Amino acid sequence: MNRANVVAVRTNHPLAAFVRGAVHLEELDSGLVLPHRFFPEQMDHLEQIGRYDRAIATSGVALDFVTNGTEVSLDCRIIRQLNAEHPLYSEVMEGGVNKGERPYGTAEEGNLDGIDFVVDGRLVATVAPQNGTIRFAFSNPTHDDIEVRIYLPNIMAVAVGNLRTNGNLKPVPARGYLLALGDSITQGFVCGSPSFSYPAQIASTLGIDLINQAVAGHVFDVESLGGISLWRGEKPEVVIVAYGTNDWARMRSMGSIEGGAAAFFDRLSWAFPKVPVYVLSPLWRTDEHDGVPCGEPLTRMYQMIGRVCSRHHNMHVVDGYHGIPKDPRLFADGHMHPGPECMGLVADLLLESMCADSVDLMVSKHVAERTAHAADEKRTKEYVSFEDEIDRKTALRNYSPETHPSFDRLVRTIWRLRQPDGCPWDRAQTHKSISKNMIEEAYEAVEAIAQDDTEHMIEELGDVLEQVLLHAQIGFDEGTFNIDDICSDLNQKLVRRHPHVFGSVGTEAPLQTADEALDVWDNVKREERSEAAGEESVRGLLDSVPLSLPALMQAQKISKRAAKAGFEWDTVADIWNKVEEERAEFLREEPGTSEAAEEFGDLLFALVNVARRSGIDAEEALAASNRKFRRRWAAMEARANLDELDTAGLNDLWDEVKGAE
């Protein structure tokens with residue numbers, strides 16, 4: 001059996017090479033196929049117990065391919081539509097406990113389920129399933145080969161086919177898979193975007209595919225594993241099981257529940273005796289204290305699962321009840337079904353357990369450490385913040401930066417220097433005493449960048465970082481702020497001012513140019529300042545231009561902001577006319593007077609506007625000219641003793657050096 005594609009042995013349909021997460025493809029007309037997540041033996045049983053409509057959903061199924069194009073399309077037919085009459089539908093769409101807030105469905109208003117387009121590891125759009133052709137365009141200006149994954153809906157069932165792109169179309173390389181078992185929680189019942197389900201997140205982090213055999217409303221019974229022996233020749237890398245609350249809510253006694261669970265896990269262990277299995281105990285429910293048939297609290301389910309799984313060396317029990325905050329806001333229905341934030345917490349909880357057990361998975365050590373650390377930080381909070389959710393999604397991307405122990409070591413070194421037995425100079429410094437150092441070190445770093453000298457850049461950027469850390473340590477010593485405050489504030493600002501990157505997924509149109517991105521940054525910045533100042537005291541347009549900047553840099557920023565407000569010349573020629581006007585006014589003044597100095601400043605300001613309209617940074621242009629003059633003067637000094645030359649000789653030598661360049 002092919003590790004990359006379980007359906008490859010079932011059909012020769014052209015789409016089979018690109019399907020992930022299905023075990024069988026049912027061929028329909030017009031080139032469409034309906035992906036099935038269960039073997040026929042399993043489907044027969046699930047139909048007998050009234051779960052066929054839930055089992056036919058395409059949860060966990062994705063189309064995965066590599067293309068160098070900029071657009072993809074596929075034909076779609078809805079096989080199983082959402083039931084808008086179901087009570088859960090209205091509960092979620094009305095916002096659960098968050099009345100009046102945006103629904104959890106992210107495909108479109110009024111839709112709980114969608115189709116996700118993930119490009120190069122990043123979710124870029126969620127669209128509503130529809131009958132007909134679905135098209136999606138994305139940015140790939142250099143036409144690189146990138147991976148595109150199209151997740152099909154979690155709750156609905158769709159048939160797809162006729163996958164097309166305006167570039168190449170190649171299957172991704174072979175890889176192992178994660179088998180997910182459970183009920184509606186594992187299926188990703190109402191999280192809106194199918195890539196948000198916690199099995200999808202875990203599989204993405206581990207770099208493997210996903211087969212999701214969860215069934216909403218499922219009561220755990222061994223017959224549902226009827227076809228699982230077919231996988232024994234090509235085992236999953238890992239199995240996760242969410243032991244949901246349906247048994248707890250429906251069955252008459254805990255003894256009956258335990259007997260069914262024992263048979264279920266015995267069969268699972270028989271099929272995959274050496275595959276690590278992670279069993280998530282039931283999550284908190286708002287009605288856990290109401291009367292239930294078995295008469296036992298949810299915490300007893302964790303104890304029962306522990307007893308059953310202790311008989312199998314490859315099974316690990318994860319405490320979902322205590323591992324996830326008891327906050328209705330984390331649940332889409334305010335009751336028991338996790339929303340997107342909670343799905344992230346569940347994924348981190350399971351990944352942390354995998355890391356702690358040192359399971360030999362297809363995941364590198366630095367990813368394991370990062371996910372465990374992220375999970376530990378998140379559960380210390382009441383619920384997941386927007387920034388945490390952004391960071392979790394970023395961390396899931398391939399090659400996302402890992403932890404930086406060298407940075408922590410440097411923070412400790414700066415702390416040590418300011419200890420009572422540290423360096424007298426460092427201990428004596430204040431924010432004001434070292435303020436000029438920041439400017440000097442920044443200019444030296446800029447010089448290293450201009451010279452394209454890597455070793456010099458490392459040294460000078462380190463000197464800039466030292467100044468930041470010194471100020472952070474002084475702030476810590478004074479009890480005002482520390483390095484974590486600086487990093488947190490900067491991260492929040494970056495996220496806030498890049499809504500086109502970190503905004504609501506699928507709602508922000510992609511930006512095409514750097515100028516468009518800068519406009520977004522400036523707009524958000526103005527809104528922030530307006531809110532901070534309040535309606536009674538709005539800051540002026542130029543108040544945010546720092547007075548400590550070099551005069552030439554100040555001039556360019558001032559003129560740019562004034563131009564955006566409409567105070568602008570029609571053409572560059574008009575500005576040159578202004579330059580001539582200011583030059584004439586300067587020449588009319590007595591040399592050496594304050595009036596002459598003022599008019600000369602006006603002349604420079606006019607020239608800065610010429611630079612701005614010509615797309616030139618005046619500060620950088622003058623710095624480049626300074627460097628050029630230094631270089632040529634040094635070349636003159638190397639050729640002759642300049643003290644022996646008169647003006648004419650110096651000019652001749654200058655022309656000689658200039659010509660040599």
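## Salt bridges, sheets and a buried glutamate

Student: Which side chains meet in a salt bridge at 2.2 Å, N to O?

Tutor: In this predicted model, the side chains of Arg175 and Asp64 form that salt bridge, with 2.2 Å from N to O. The two residues belong to distant parts of the chain, since Arg175 sits in the loop between β11 (170-171) and β12 while Asp64 is in strand β4 (residues 62-67), 111 residues apart.

Student: Is that pair buried or exposed?

Tutor: Both Arg175 and Asp64 are buried.

Student: What else does Arg175 form a salt bridge with?

Tutor: Glu147 also forms a salt bridge with Arg175, and here the closest N and O atoms are 3.3 Å apart. Glu147 lies in strand β9 (residues 146-151) and Arg175 in the loop between β11 and β12, so this pair ties together parts of the chain that are 28 residues apart in sequence. Glu147 is partly exposed because its relative accessible area is 26%, whereas Arg175, with a value of 16%, is buried. Through salt bridges that share partners, Arg20, Asp64, Glu147, Arg149, Arg175 and Asp209 are joined into one network.

Student: How many salt bridges does the count come to?

Tutor: The count comes to 23 salt bridges. One further pair is Asp53 with Arg80, whose closest N and O atoms are 3.9 Å apart; Asp53 is in helix α2 (residues 52-55) and Arg80 in strand β5 (residues 71-80), 27 residues apart. Asp53 counts as partly exposed because its relative accessibility is 35%, and Arg80 counts as buried because its value is 17%.

Student: Switching to sheets, what is the strand order in the antiparallel one?

Tutor: Five strands form an open sheet in the order β2-β3-β10-β5-β8, with antiparallel pairing. Its edge strands are β2 (24-27) and β8 (132-137), each of which pairs on one side only, and neighbouring strands are turned against each other by 35° on average, direction ignored. β2 pairs with strand β3 (residues 32-36) over four bridges in the antiparallel sense, and His36 in β3 is the bridge partner of His24.

Student: And what order do the strands with parallel pairing have?

Tutor: That open sheet also has five strands, arranged as β13-β12-β14-β15-β16.

Student: Now Glu599: where is its place, and what does it touch?

Tutor: Glu599 is in helix α22 (residues 594-613), and, leaving aside residues up to four places away in sequence, Glu599 touches Glu582, Glu585, Phe586 and Glu589. Glu599 is buried yet has no salt bridge, and the nearest side chain of opposite charge, Arg588, is 6.9 Å away.

Student: Last one, how many disulfides does the structure hold?

Tutor: The structure holds zero disulfides. As for individual cysteines, Cys355 is partly exposed with a relative accessible area of 23%, and Cys487 is partly exposed with a value of 38%.

Notes. Residues numbered from 1 in each chain as written. Predicted model: local features only at pLDDT ≥ 70, side-chain atom pairs only at ≥ 80, totals over all residues. Heavy atoms only, no water. Buried < 20%, exposed > 50% of the residue type's maximum accessible area, 1.4 Å probe, protein only. Lys, Arg positive; Asp, Glu negative; His and termini not counted. Salt bridge = Lys/Arg side-chain N within 4 Å of Asp/Glu carboxyl O. Contact = heavy atoms within 4.5 Å. Pairing = 2+ DSSP bridges. Axes fitted to C-alpha atoms, helices over the stretch in contact; angles between N-to-C directions. Disulfide = S-S within 2.5 Å.
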